[in-house]
Amino acid sequence: MHIEHLKLNNYRNYESLDLSFSPKINVFIGENAQGKTNVMESIYVLAMAKSHRTSSEKELIRWGQEYAKIEGDIQNRYGRLPMELTISKKGKKARVNHLEQSRLSDYIGQMNVVMFAPEDLNVVKGSPQARRRFLDMEIGQISPVYLHDLLTFQKLLKQRNHLLKQNQGKKTFNDVMFDVYTEQYIEAAVKVIRKRFHFMELLQAWAGPIHYSISRELENMEIRYRPVSGMEVDWSAEQMADHLAAKIKEQSQRELERGVTLVGPHRDDLQFIVNGYDVQTYGSQGQQRTTALSLKLAEIELIKQEVNDTPILLLDDVLSELDDYRQSHLLNTIKGEVQTFVTTTSVEGIEHETIRESEMFHVKQGSVDTE
């Protein structure tokens, strides 16, 4: 899979941009705050219908304009696929092959991307929220059903929290609607948790050997999905539902005191274990970076396995974050097979034929020139 052509209108600092790309490596060079990352971000937004940098979509619209539009011509294993995303203050409109998509869950997954940016180190060393976001974005690319289940869960969580907030501070309260929401909430939560467990098993199968290789066969890495309710991967859906119901009952008084739902996938976490130690707490910076890189390379292989096509790789200012050995491992992995976009302030010091053979784009003050 690769993107042949990209058009931007009123996106960030670009009034208009029209670019064609190499199916191999595309390098965007320029000083900071010139617009390199904006191009990279636009490709990600075209695929995922949301930014990896901000949750405020109005930031994507050029100052003083009503909308932003991203258009891309994608080549996948079936042929050419035009995609289009328009972002306005009223919301988003998505088209695939010129047909408007009624649901974004039908749109996401048409174009597969793997993003690796410095902030992706937060997946390893940051907050549980960053790890849950990683889970949701990556599973959503390969499973539209997961996106639907996640949206259902989030809606029920919001409704349940609303009733808890209304009754906050009470010792007890009886509400038939709350009981109905709780029952539906448990059903939706179990679907999300089971899909996350399954995804983690698939990712582990790729990430473990990759990490072992990058660490020069010195480190074994294990990924564990940690539901706050304490479930196990081999439980049935019925066992999970019964367990979750019991945990919610246990927490009912605390939920009323705090006015929020305390048990469920919105509070779950991931744990990365390297040679028996939690790498988030005890790992060196090098081990944390190796873990993050292993995850990204595993994502490429997993998506390739699940959709039978290679994803597009976006490396946003990340090569400078890796030492020569990890840099070479990454570039050797993608060489000739994965369409890759790289942003950097300079290619000096990156002594690798993959970079030397790439298409170069120079970015300055919202203008992009090719060599």
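What covers the buried residues of helix α5 includes α2 (104-107), α4, α6, α7 (237-250) and α8 (252-258). Buried means under 20% relative accessible area, with exposed over 50% and partly exposed in between, using a 1.4 Å probe and protein chains only. Helices are DSSP runs of H or I with at least four residues, strands are E runs of at least two, and both are numbered from the N terminus.

Some ground rules. This is a predicted model, where local features need pLDDT of at least 70, side-chain atom pairs count only at pLDDT 80 or more, and totals for chains, interfaces and linings use all residues. Residues are numbered from 1 along each chain as its sequence is written, and side-chain values use heavy atoms, with hydrogens and water left out.

Back to α5. Its buried residues include Tyr-146, Asp-149, Phe-153 and Arg-160. How far apart are the end C-alpha atoms of α5? They are 34 Å apart. The 23 residues of α5 (144-166) should span 33 Å at 1.5 Å a residue, so the two agree. That expected span is 1.5 Å times one less than the number of residues.

Next, the sheet. Three strands form an open sheet, antiparallel, in the order β9-β10-β11. Strands pair if DSSP finds at least two bridges between them. β9 (221-226) and β11 (277-278) stand at the edges with a single partner strand each, so one side of each has no neighbour in the sheet. Between β9 and β10 (269-274) there are six bridges. Tyr-225 has Leu-270 in β10 as its bridge partner.

Two helices lie across β9 and β10. Helix α4 (128-142) runs at about 95° to β10. Helix α6 (176-214) runs at about 170° to β9. Axes are lines fitted to C-alpha atoms, for helices over the stretch in contact, and angles run from 0 to 180 degrees between N-to-C directions.

Now the cores. A nonpolar core is a set of buried Ala, Val, Leu, Ile, Met, Phe, Trp, Tyr and Cys residues joined through side-chain atoms within 4.5 Å. The largest has 70 residues, and Leu-203, Phe-272 and Leu-330 touch the most other members. α6 gives the most to this core, with 17 residues. A second, separate core has 44 residues, among them Ile-3 and Phe-341.

Last, Val-368, in strand β15 (367-370). Val-368 is buried, at 14% relative accessible area. Beyond four places in sequence, its contacts (heavy atoms within 4.5 Å) include Tyr-14, Phe-28 and Phe-361. The C-alpha atoms of Val-368 and Asp-18 are 9.2 Å apart, across 350 residues of chain.
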